[in-house]
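User: I would like to learn how to read a structure feature by feature. Can you take me through one?

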Amino acid sequence: MRGRGTVFLGFVSAMMLDARHGLAQAPANWQTSFGVSASETKERIVALHDHILLIGVCIVALVAMLIGFALLRFRASRHPTASKVTRMPWLEFGWTIAPVLVLGAIAAPSLQLLAYESDIPDAQLTIKASGHQWFWRYSYPDNGGFAYDSIMLPPASVPAGEPRLLAVDNRMVVPVGAVVRIQVTSSDVVHSFFMPALGLQIYAMPGRLNETWTRVEKPGVYYGQCNQICGLNHSFMPIAIEAMAQPDFDAWVRDAATRYPVVSAATISAQVAK
């Protein structure tokens, strides 16, 4: 009984933690739901998930009802002699059309979401993220071309309040409400730029420049990481994006331009070619 009680209390605690941290900007212990939606893209992804989940629940409920009906209606005690019916055209037509309708109900919103993610609107800011083993390098070509590395902080150096193995020394900084074009590439192997709170998932490939976009709607710090198996330390390649108001972002750009070196296009091309 003590073991079962411990399991039950653990489950209740998990649900309480999930409710309290449902809008956390980083993963929380015992989290069972999606994290914060900081962009419209993520909100659309969650809406599609809920839509498909509702369809799945309806299918499970329908199948359970049909099984229960068959067990009660056609049990041996009620029908000692088996039916000799071999064809029911209307029923066969129904179970052929029903999956088509279900797939159509899933495909339509899925294609709409893909089109929304692929259509990059006019960007107010461009940031280039280059994957390296095992850190990210961010450059701001629209703001003078300065660039800096973003490396995971050792667990012993993580400040209070920041997540272990996700905190970095230099975050990517973006303004709230601005359309940001993110160009992603790699200098060595295939990496992945994955940011759950923004609904971003794009591969960083050597010799290729992939593009995506985002518009962060809420200020704060959001955490992700490279979820591609890119080598020995692939699990220690986090991403941290800090979204701040436009005046604060402008002040950060002025300060960053004096602290970080300017990287020319030729230098970037040479790095990517290696």
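User: What should I know about the model and its make-up?

Analyst: The model is predicted. The chain has 5 helices and 10 strands. Of its 274 residues, 34% are buried. Among contacts with a separation of 6 or more, 64% join residues 24 or more positions apart.

User: How do I read two packed helices, and at what angle do H2 and H3 pack?

Analyst: Two packed helices are described by the angle between their axes and the distance between the axes. Here, helix H2 (residues 40–73) packs on helix H3 (residues 89–118) at about 175°. Their axes are 11 Å apart. Angles over 145 degrees count as roughly antiparallel, so H2 and H3 are roughly antiparallel to each other.

User: Which residues make the contact of H2 with H3?

Analyst: H2 contributes Glu40, Thr41, Arg44, Ile45, Leu48, His51, Ile52, Ile55 and Ile59. H3 contributes Val102, Ala105, Ile106, Pro109, Ser110, Leu113, Tyr116 and Glu117. By type, the residues of this contact are 11 nonpolar, 3 polar and 3 charged.

User: Proline 109 is in that list. Is proline 109 buried, partly exposed or exposed?

Analyst: Proline 109 lies in helix H3. Its relative accessibility is 24%, so proline 109 counts as partly exposed. Proline 109 and histidine 51 are 58 residues apart along the chain, with 8.8 Å between their C-alpha atoms.

User: Over which ring does the charged end of arginine 44 sit?

Analyst: It sits over the ring of tyrosine 116, 3.8 Å from the ring centre. Arginine 44 and Tyr116 are both part of the H2–H3 contact. There is another case at arginine 73. Its charged end sits over the ring of phenylalanine 74, 5.3 Å from the centre.

User: Next, ring pairs. How do I read one, and how many aromatic pairs are there?

Analyst: A pair of aromatic rings is described by the distance of the centres and the angle of the planes. The count here is 12 aromatic pairs. One of them joins tyrosine 140 and phenylalanine 146, at 5.0 Å centre to centre with 10° between the planes. That pair is stacked. Tyrosine 140 and phenylalanine 146 are both buried.

User: Why does the pair of phenylalanine 249 and tryptophan 252 count as stacked?

Analyst: Planes under 30 degrees apart count as stacked. The planes of phenylalanine 249 and tryptophan 252 are at 25°, with the ring centres 6.0 Å apart, so the pair is stacked. Both residues lie in helix H4 (residues 246–259), 3 residues apart, so about one helical turn separates them. Phenylalanine 249 and tryptophan 252 are both buried.

User: Which residues do ring pairs link into a cluster?

Analyst: The cluster holds Tyr138, Tyr140, Phe146, Tyr148, Phe249, Trp252 and Tyr260.

User: Where is cysteine 230, and which residues does cysteine 230 touch?

Analyst: Cysteine 230 is in the loop between strand S9 (220–225) and strand S10 (238–244). Its relative accessibility is 4%, so cysteine 230 counts as buried. Leaving out residues up to four places away in sequence, cysteine 230 touches Gln133, Trp134, Val189, Val190, His191 and Met237. Gln133 and Trp134 are the residues joined by the cis peptide bond. Histidine 191 is 39 residues from cysteine 230 along the chain, yet their C-alpha atoms are separated by 5.9 Å.

User: One last case. Is serine 130 buried or exposed?

Analyst: Serine 130 is buried, with a relative accessible area of 11%. Serine 130 is in strand S1. Beyond residues up to four places away in sequence, serine 130 touches Phe135, Trp136, Arg137 and Thr185.

Note on methods:
Residues numbered from 1 in each chain as written. Predicted model: local features only at pLDDT ≥ 70, side-chain atom pairs only at ≥ 80, totals over all residues. Heavy atoms only, no water. Phe/Tyr/Trp six-rings, centres within 6.5 Å; stacked < 30°, edge-to-face > 60°. Buried < 20%, exposed > 50% of the residue type's maximum accessible area, 1.4 Å probe, protein only. Helix = DSSP H or I, 4+ residues; strand = E, 2+ residues; numbered from the N terminus. Lys NZ or Arg CZ within 6 Å of the ring centre and 35° of its normal. Axes fitted to C-alpha atoms, helices over the stretch in contact; angles between N-to-C directions. Parallel < 35°, antiparallel > 145°, perpendicular 65-115°, else oblique. Contact = heavy atoms within 4.5 Å. Nonpolar A, V, L, I, M, F, W, Y, C, P; charged D, E, K, R; others polar.
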